[in-house]
Amino acid sequence: MHNLTIAELVTGLQSKEFSSVELTQHFLARIAKLDANYNAVITVTADQALKAAAAADLRLAAGNAPALCGVPILHKDIFCTNGVRTSCGSKMLDNFIPPYNATVVENLEQAGAVVLGKTNMDEFAMGSSNETSFYGPVKNPWASDSVPGGSSGGSAAAVAARLAPGATATDTGGSIRQPAALCGITGLKPTYGRVSRWGMIAFASSLDQGGPMARTAEDCAILLNCMASYDDKDSTCIDREVPDYSATLNNGIKGLKIGVPSEYFSEGLDPGTEKAVRAALAEFEAQGAELIDISLPNTGLSVPAYYVIAPAEASANLSRFDGVRYGYRCKDPKDLNDLYTRTRAEGFGDEVKRRILIGTYCLSAGYYDAYYGKAQQVRQLIQQDFEKAFQQVDVIMGPTTPSPAFKFGSKGDDPVAMYLEDIYTIATNLAGLPGMSVPCGMVDDKPVGLQIIGNYFDEARMLNVAHQYQQATDWHALAPEGIA
Amino acid sequence: MSIERQEIENLATLSRIAIGEDTITEVSQRLSSVLELVDQLQAVNTDGVEAMSHPMKATQRLREDEVSEINQREAFQAIAPDTEEGLFLVPKVIE
Amino acid sequence: MSYSGWETVIGLEVHVQLATKTKIFSGASTAFGAEANTQACAIDLAMPGTLPVLNKQAVHYAVMFGLAIDAEIGKESAFERKNYFYPDSPKGYQTTQLEKPIVGRGNVEIKLADGRTKNVRIHHAHLEEDAGKSLHEGDFRHGVSGIDLNRAGTPLIEIVSEPDMSSAEEAIAFAKKLHSIVTSIGICDGEMSQGSMRFDVNVSVRPTGTTELGTRTETKNLNSYKFMEEAIAKEVERQIDLLEDGGTIKQETRLYNGDTKVARSMRSKEEANDYRYFPCPDLLPVIVSDETIEELRRNLPELPDARQARFIEQYGLSDYDAAVIGSDAAMAGYFEIAAEKSGNAKLAANWTMGELAARLNSQDLSISKSPVTADQLGELVTRIADNSISGKMAKEVFEGMWTGEGSADEIIEARGLKQVSDSGALEQMVVEVLSANQAMVDDYINSDEAKRKKKLGGFMGKIMQASKGQANPQQVNQILAQKLSELL
């Protein structure tokens with residue numbers, strides 16, 4: 001059952017091949033048995049899941065079942081779940097039980113999904129390896145000495161290990177796409193404003209987006225159909241109709257114009273990864289698409305610009321964690337200042353503290369123009385690069401990451417080495433564009449991903465393109481060992 | 001561009017994070033490394049380029065002025081570290 | 001108090017709470033007096049994942065203020081985050097406006113006691129959110145502070161003036177004019193005791209005749225005109241003393257305690273707070289259309305200056321009376337109801353400005369809390385105007401109304417205070433008193449003209465006594481004069 005896709009599970013549930021309770025029990029048992037190998041799940045919600053599954057079975061029997069009725073999923077532990085601990089991978093929120101749901105959680109609940117639990121992640125979504133979590137690192141199911149990617153490492157590993165058929169995740173600089181690539185699954189970051197950020201704990205408000213992770217584009221389409229909505233509680237959410245992403249998966253892609261940016265194939269790109277990506281591009285050509293060389297000249301500035309903007313916004317977003325109204329509080333604070341400084345020193349991990357300090361620096365008097373102001377201008381330049389490119393092409397493709405999954409600790413003490421992992425994904429967040437990753441090969445027995453970047457609100461086309469690729473290839477169907 | 005110790009202490013104060021003596025050097029090194037990265041922005045000519053605060057060209061929605069929230073004090077304070085008589089308690093605030 | 005050789009320069013920053021039903025960024029109620037933290041929703045508590053959505057009425061109220069002071073309206077404005085840590089500011093930043101405020105340059109005209117008018121320039125007015133409250137003692141254990149976030153998120157406009165004022169008198173006139181404007185257009189309830197308006201005063205001094213500004217200090221959070229006056233006086237004195245002694249003024253924030261009359265520097269660990277302002281990524285640019293502006297302009301309630309002029313013309317009030325009643329929106333509204341009801345504007349004005357105001361002041365009540373409603377006062381004035389009761393009696397009736405005995409008519413009836421104006425009855429009363437006091441009558445007849453006038457009072461007294469104060473004095477006077485002249 002765990003090798004079935006969401007699409008297949010939906011069909012199976014509707015035709016009563018199995019029940020939601022059976023499915024849920026199956027996945028809960030897998031998590032109990034296998035997650036010790038991966039550490040992908042922080043909180044398992046077994047009782048709630050079985051209750052929801054039973055209710056789903058009733059609806060399925062009654063014949064008024066919504067789109068995802070009875071399908072088990074996992075939520076990245078960044079989405080607030082009413083009555084269930086939401087830790088954001090941090091000691092700061094280890095004891096935080098929100099009395100409200102994120103809109104994404106609400107939407108999937110309305111759609112009938114059954115929540116198995118909350119997945120592990122880099123602390124406050126800051127990281128590209130899931131090594132910064134308070135709950136310990138997540139292991140890549142393909143190679144236990146390697147990272148799954150981050151910050152949505154738990155969701156990616158769980159889907160790859162078939163602990164759930166799908167999971168929610170978030171992407172600020174690549175945190176859906178990069179772990180999807182490193183774990184050999186499919187993940188999509190929607191256009192900024194497509195998915196509501198209400199109840200999604202904020203890292204960098206102008207960059208964060210929630211999105212689906214599953215093994216196929218078809219499954220991502222089903223999940224995105226449910227996740228996306230206009231939410232008037234989120235001022236940055238765009239009021240635009242959500243198309244049926246599943247309806248256009250089978251459109252032909254003949255004549256599709258694919259932009260291939262030269263900057264995405266520069267030094268630093270691992271040769272094995274490049275080979276796999278070029279093979280994928282060739283596959284598209286074989287299906288009638290046209291490859292067009294393009295340039296995104298300001299690509300090299302995206303990492304520096306991001307590491308000013310994201311920490312700056314984060315430094316303000318994380319100021320609310322002060323031990324006063326919820327979350328961690330240091331023991332016996334001797335005065336107000338002690339309460340703040342010790343709660344935050346003890347509650348936050350090193351990477352989070354680093355980013356807060358950097359963000360504070362970039363916004364501080366005398367430095368604002370040179371750093372924050374400058375980065376916002378560079379952001380404009382990066383967006384203009386894409387705008388120009390999309391005048392010539394329909395989608396842009398390239399590698400998702402510079403290399404396959406790296407070993408734990410291999411990025412060493414220098415934070416910048418880790419930051420460069422996101423070199424191909426970051427620009428899309430800065431521009432607010434949608435991006436996705438699909439598995440396109442294996443290098444040293446580890447998966448690599450092809451990134452597809454679309455124009456604003458063009459998720460339907462991206463999913464269509466990805467689906468057509470997955471009809472002709474089977475990288476997405478590969479499974480890591482030891483997950484039986 | 002490296003970051004001075006005094007600067008780190010100032011940032012720690014502004015962001016209310018206690019940084020121990022024993023870690024300040026390490027923090028300084030790591031931060032300096034990140035600053036080197038972001039200093040690459042200085043080389044770019046951005047004359048006449050507008051700063052982008054929001055990726056989408058949209059404007060702020062206005063909400064009708066009607067009460068839509070009920071009193072949920074109990075639920076919210078059930079998860080608070082220290083409350084009494086409906087108030088959140090903190091060490092004495094001195095102005 | 002004036003110091004020779006020195007002139008004072010004053011600028012005000014005024015925080016005005018907008019009278020919206022809900023907070024600026026959340027749908028929680030802003031009603032005054034609720035139990036602690038019962039009007040603080042997830043957004044107001046800065047819970048993780050919560051986001052702000054802007055209150056339309058707050059935007060409209062801000063624009064209305066701009067229109068009332070003839071200011072530029074910021075058709076595209078934006079919000080910034082002002083970062084600082086304090087328990088009453090749960091997000092660790094205040095959402096406010098800096099670079100592009102919703103109201104730009106404007107003007108406020110003030111009138112001074114000597115009849116002079118002066119223009120105070122407004123630099124700008126911007127929208128922001130109020131903070132919660134810190135309680136340093138209460139029903140909680142000793143040694144801690146209690147935080148109530150009911151107020152957190154209440155919409156404010158901060159009105160920033162240019163340093164155009166040169167005395168406490170001008171500062172207060174300006175503050176009162178602002179109060180008058182915001183209450184007249186209905187964007188603020190003006191209840192100072194509830195903190196609906198708070199003043200920060202920037203004070204500096206300089207040698208007379210010079211133009212360069214001295215170093216200024218800011219005294220924060222004054223919520224009464226009296227305290228503002230005291231605080232300014234104290235600060236001017238302090239600065240001049242310091243400078244004359246050869247010292248320099250330190251730019252600092254100060255607090256003034258109106259109860260203890262003590263002013264002091266605020267104790268803060270960082271001298272210059274680096275607020276690290278940056279555009280708030282959770283809020284998009286705020287656009288106000290020309291149509292909206294025109295509609296708000298069309299429907300803008302009467303401004304105080306216009307109302308004052310109308311009171312002079314429509315009700316024949318004197319300049320002074322019109323100024324006093326017309327400038328206070330609540331009093332003006334009260335007066336008009338009483339005037340319409342009674343048909344006698346002059347009397348209604350006298351009573352509103354006089355007896356009513358005195359009573360309210362003595363009990364520190366605002367007119368909205370008056371136990372005597374405008375309608376009821378109108379009824380009382382009607383009875384004075386139609387001679388049912390004398391002016392003197394009216395004061396007694398008013399007393400009864402104030403303590404809740406009932407309406408004017410009910411009290412007049414119950415206490416039997418109806419003035420006797422029946423000339424027949426009055427004539428009889430006069431004749432009776434005259435016949436019962438032959439000695440007085442003889443004395444009157446035998447006195448010369450000059451002395452006679454004075455003796456009238458004696459007869460009046462006896463007649464009023466006999467009538468238990470209910471005789472109509474004017475009529476009695478007439479009848480008495482006539483009867484006495486017949487005897488001469």
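Across the interface of chain C and chain B, 26 residue pairs are in polar contact, both residues at pLDDT 80 or more. A polar contact is a pair of N or O atoms within 3.5 Å; within protein, one must be able to donate a hydrogen and the other to accept it, and residues adjacent in sequence count only if both atoms are side-chain atoms. This is a predicted model: local features need pLDDT of at least 70, side-chain atom pairs count only at pLDDT 80 or more, and totals for chains, interfaces and linings use all residues. Residues are numbered from 1 along each chain as its sequence is written, chains are lettered from A and ligands numbered from 1 in written order, and side-chain values use heavy atoms, with hydrogens and water left out.

**Chain C against chain B**
- Chain C puts 56 residues into the contact and chain B puts in 35 (heavy atoms within 4.5 Å).
- The two chains bury about 4200 Å², with 57% of it on carbon and sulfur atoms (accessible area, 1.4 Å probe, lost on being put together, summed over both parts).
- Lys56(C), Phe85(C) and Leu284(C) supply 13% of the area that chain C buries here, more than any other three residues.
- Five salt bridges are counted between these chains (a side-chain nitrogen of Lys or Arg within 4 Å of a carboxyl oxygen of Asp or Glu).
- Asp82(B) and Arg141(C) form a salt bridge through their side chains, at 2.7 Å, N to O.

**Chain B against chain A**
- Here 48 residues come from chain B and 63 residues from chain A.
- The buried area is about 5000 Å², and carbon and sulfur atoms give 69% of it.
- Arg30(B), Leu41(B) and Met52(B) supply 14% of the area that chain B buries against chain A, more than any other three residues.
- One salt bridge is counted between chain B and chain A.
- Asp82(B) meets Arg329(A) in a salt bridge between side chains, at 3.9 Å, N to O.

**Chain A on its own**
- Chain A holds 15 helices and eleven strands (DSSP runs numbered from the N terminus: helices H or I, at least four residues; strands E, at least two).
- Buried residues make up 70% of its 484 residues (under 20% relative accessible area, 1.4 Å probe, protein chains only).
- The C-alpha trace of chain A spans about 65 × 55 × 45 Å along its principal axes.
- Of the contacts in chain A between residues at least 6 apart in sequence, 75% join residues at least 24 apart.

Notes. Buried means under 20% relative accessible area, exposed over 50%, partly exposed in between (1.4 Å probe, protein chains only).
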